[in-house]
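Open the structure in your viewer and keep the sequence panel beside it. The tour moves from the whole chain to single residues.

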Amino acid sequence: VLSVRSGADGRTVFETTDRRDVEASSRVRTHGFRSPVPLRDLPPGMYVLRAEAKAGGRSALREIPFEVK
């Protein structure tokens with residue numbers, strides 16, 4: 001799940017989901033992900049880009065603050 005949240009109130013202003021079926025493996029694997037984020041639709045202010053991935057009971061989450069001027 002990729003989302004953009006308002007820095008002012010935490011409200012989700014954009015969200016997209018990408019689901020992939022991947023074969024089970026004991027090896028560490030990575031998968032690329034690309035998604036356009038409509039910045040032109042966002043008014044000026046602080047935001048948080050949030051990316052979350054889940055696989056086999058494990059998950060990873062990254063949050064990156066940014067500002068639209």
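The stops below begin with the overall fold and end with a few side chains.

**Stop 1: the whole chain**

Show the protein as a cartoon. Keep in mind that this is a predicted model. What is the pattern of elements along the sequence? Reading along the sequence gives β-β-β-β. There are four strands and zero helices.

Now look at the outline. Along its principal axes, the C-alpha atoms fill a box of roughly 45 × 20 × 15 Å. The radius of gyration of the protein is 14 Å, whereas a compact globule of 69 residues would have one near 11 Å.

**Stop 2: the surface**

The accessible surface of the protein is about 6000 Å², and carbon and sulfur atoms hold 49% of that. Of the 69 residues, 13% count as buried.

**Stop 3: the aromatic pair**

Select Tyr-47 and Phe-66 and show their side chains. The structure holds one aromatic pair. The ring centres of Tyr-47 and Phe-66 lie 5.8 Å apart and the planes meet at 25 degrees, so this pair is stacked; the cut-off for stacked is under 30 degrees. The pair links distant parts of the chain, with Tyr-47 in strand β3 (residues 45-55) and Phe-66 in strand β4 (residues 58-68), 19 residues apart.

Stay on Tyr-47 for a moment. Is Tyr-47 buried or exposed? Its relative accessibility is 6%, so Tyr-47 counts as buried.

**Stop 4: Ser-3**

Move to strand β1 (residues 2-6) and select Ser-3, which lies in this strand. Ser-3 counts as buried because its relative accessibility is 2%. Which residues is Ser-3 in contact with, leaving aside its neighbours within four places in sequence? They are Thr-12, Phe-14, Glu-15, Val-48, Leu-49 and Arg-50.

For the chain as a whole, residues 24 or more positions apart make up 38% of the contacts with a separation of 6 or more.

**Stop 5: Ala-55**

Finally, go to Ala-55 in strand β3. Its relative accessible area is 54%, so Ala-55 is exposed; the cut-off for exposed is over 50%. Ala-55 and Arg-20 are 35 residues apart along the chain, and their C-alpha atoms are separated by 9.7 Å.

Note on methods: Residues numbered from 1 in each chain as written. Predicted model: local features only at pLDDT ≥ 70, side-chain atom pairs only at ≥ 80, totals over all residues. Heavy atoms only, no water. Helix = DSSP H or I, 4+ residues; strand = E, 2+ residues; numbered from the N terminus. Rg over C-alpha atoms; globule rule 2.2 N^0.38 Å. Buried < 20%, exposed > 50% of the residue type's maximum accessible area, 1.4 Å probe, protein only. Contact = heavy atoms within 4.5 Å. Areas by Shrake-Rupley, 256 points an atom, 1.4 Å probe, with all protein chains shown as cover. Phe/Tyr/Trp six-rings, centres within 6.5 Å; stacked < 30°, edge-to-face > 60°.
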